[in-house]
Amino acid sequence: MTLAVHTEGLSRRFDGVTALDGLNLAVPTGSIFGFLGPNGAGKTTTIRLLLGLLEPSSGNAVVLGRDVRRESQAIREQVGVLLDSDGLYERLTARQNLDFFARVARLSKGERDARIRALLEEIDLWDRRDDPVADFSRGMKQKLALARAFLHRPSLLFLDEPTAGLDTPAAVGLRSELVSLAREEGVTVFLTTHNLLEAERVCDRVAVIRQGKLLAEGPPEAIRGGGKRKLEVTATGIRPALVARLMNTPEVIGADVDSEGRLILALADGAETAPLIRLMVETGVEVSEARIAEASLEETFLALVDEDLNGRSRVESASGEHPR
Amino acid sequence: MRDIIVVAGKELREIVGAGGGRKGLVRELLFIGIFGLLFPLTQVEAWLSGGVPAAFALMVPLFLVGPHVADSFAGERERGTLETLLATRLPDRSIYFGKILAVCGYAWAVTLLIILASLLALNFGADVSGRGGSPTAGSGESEFFVYPAFVWVAWGVGSIASGLLLASIGTFVSLRSKTVRGAHQAMMIPLFVVILGGSFGIPALFRSLPPSTQERFTELLESMPAVSVVLWAVGGLFVIDLVLLGLGARLFRRDRLISD
């Protein structure tokens, strides 16, 4: 397995503040990698370090087989970026924007014209190619910025919140485009997102960071597996005494009642649910529905961040391998 | 060099279209109208002698370069385009020199248009026959007045030197300003220093010299052709420009811009 991005102990400090602390990442070539974390977690700093826009304080990073300290220009030649701001020149037209970046990428005249036309047609902006970008809606700007990132057919894409500002059909279209780029053309996509459902849908692997530290890394289903299963029970006749009895069973590690009045039981690893239902029925509870739910990536993410907040760092690789 | 030209081309498009497409040209036309038509027609004698157009060729670029160089980096930072630009394969120096080339090229071209407009104004809007003792083209009654050589030297290289002076100082200001407004405000200081220094500082320095030195210096200047005087002055400016540009190029680094 070749790696598009590989970091070892990557750290960056600003005036005594540690923005990134010993990050170990391994992003396989041709995969879609989701980089998740709350605001200020160190996601942007990581991307800047990988692009060679910042010097690491310590540690190493290799992007597309090149060292970020010594070969950052060669790295930037091969990557496409969409950062937190769209980075478009508002006084220039859509075509002038793409033309500038195509010239920067040293595409030939014929290649430039063909590629710009194809991309503008694909994002439905060909008819507005000569309008200043300042006149565009946020969604149109986001689509144009994405077209700019794809312009020179990069082998690695860094996308910061790529679907922000897009309407639902455009967001769905982009997600499918990302999957096809990765699967059919072998492009590696490194994306940050706050949309955990999006990460769950498109990412092959995800990493969760907080305060510059890696909390978990691996395939989304494996990360989710790190979260506990739960039993959601809709019933009448549940008394506090019953909840206390349930809590005393080895199968249950926590209990709560949600806003809809359902009893939520957090289950121990490998716990059977039949004894719990039987206990409820035997004590006179009328159970109308009982279902086992797996923690979503969002819940797992929140749990990871919460654990870290409470000083119980759980740096682990959900795929079973500890990051080096 | 190719990368520098690519950056300069983008900058020029932004500068000329800054007011929004064709509206952007209104500012340039206004500038040309005031400096190239109104002033020559109201001060014919001063313009015919060549002194005023030569001085304008050195001064006008300062006013043209100032606002655009202030915007060069601070504007990109404020509008959120700087980081995307830095994330391209462009080398640091191509970005730095591309921006300087654009503002200086723009100032040089507008200054040329002012000089040409002033010639048209003088020839078609004022009676210049037999006045000014300037070289002429053509013959007989259809003589066309053209400026003496030192005016063209002042425009050809002098305007570049003065534009570069303010551009190199202005990039320091722009690189350190977080907003365009801050950069514009900060740019007023070097602009005043250069203009007041040139207008009052140099004469004051001259007057502070011992009378015998002043006399020898005056004799030297009078013994030299005007073109040589302009070339020496411009040469001195270029030396200062080179030092400032070298310093700027050394200080312009991606990681510093981002971490700032």
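Predicted model: local features only at pLDDT ≥ 70, side-chain atom pairs only at ≥ 80, totals over all residues.
I'll start with the interface. Chain A puts 28 residues into the contact, and chain B puts in 26. Together the two chains bury about 2,700 Å², and 60% of that area comes from carbon and sulfur atoms.

Now the polar part. The rule finds five salt bridges across the interface of chain A and chain B. Eight residue pairs are in polar contact between these chains, with both residues at pLDDT 80 or more. On the chain A side, the elements that give two or more residues are β1 (3-14), α2 (72-78) and α3 (94-104). Of these, α3 of chain A gives the most, with six residues. By residue class, the side of chain A that touches chain B divides into 13 nonpolar, four polar and 11 charged.

Next, two pairs that cross between the chains. One is A:Arg48 with B:Glu83, a salt bridge at 2.6 Å from N to O. Here A:Arg48 sits in helix α1 (residues 43-50) of chain A, and B:Glu83 sits in helix α5 (residues 82-86) of chain B. Is B:Glu83 buried or exposed? B:Glu83 counts as buried, because its relative accessibility is 15% and the cut-off for buried is under 20%. The other pair is B:Arg89 with A:Glu77, where the closest N and O atoms are 3.9 Å apart.

Let me turn to the salt bridges within a chain. Over all chains, the structure holds 27 salt bridges.

In chain B, the side chains of B:Glu76 and B:Lys99 form a salt bridge at 2.8 Å, N to O. This pair links distant parts of the chain: B:Glu76 belongs to helix α4 (residues 51-78) and B:Lys99 to helix α6 (residues 92-125), 23 residues apart. Both B:Glu76 and B:Lys99 are buried.

A:Arg66 has 29% relative accessibility and so counts as partly exposed. A:Glu71, at 28%, is also partly exposed.

To recap, the contact between chain A and chain B has five salt bridges by the rule, and 60% of its buried area comes from carbon and sulfur atoms.

Technical notes: Residues numbered from 1 in each chain as written. Chains lettered and ligands numbered in written order. Heavy atoms only, no water. Contact = heavy atoms within 4.5 Å. Buried area = accessible area lost by both parts, 1.4 Å probe. Salt bridge = Lys/Arg side-chain N within 4 Å of Asp/Glu carboxyl O. Polar contact = N/O pair within 3.5 Å; in protein donor to acceptor, adjacent residues only side chain to side chain. Helix = DSSP H or I, 4+ residues; strand = E, 2+ residues; numbered from the N terminus. Nonpolar A, V, L, I, M, F, W, Y, C, P; charged D, E, K, R; others polar. Buried < 20%, exposed > 50% of the residue type's maximum accessible area, 1.4 Å probe, protein only.
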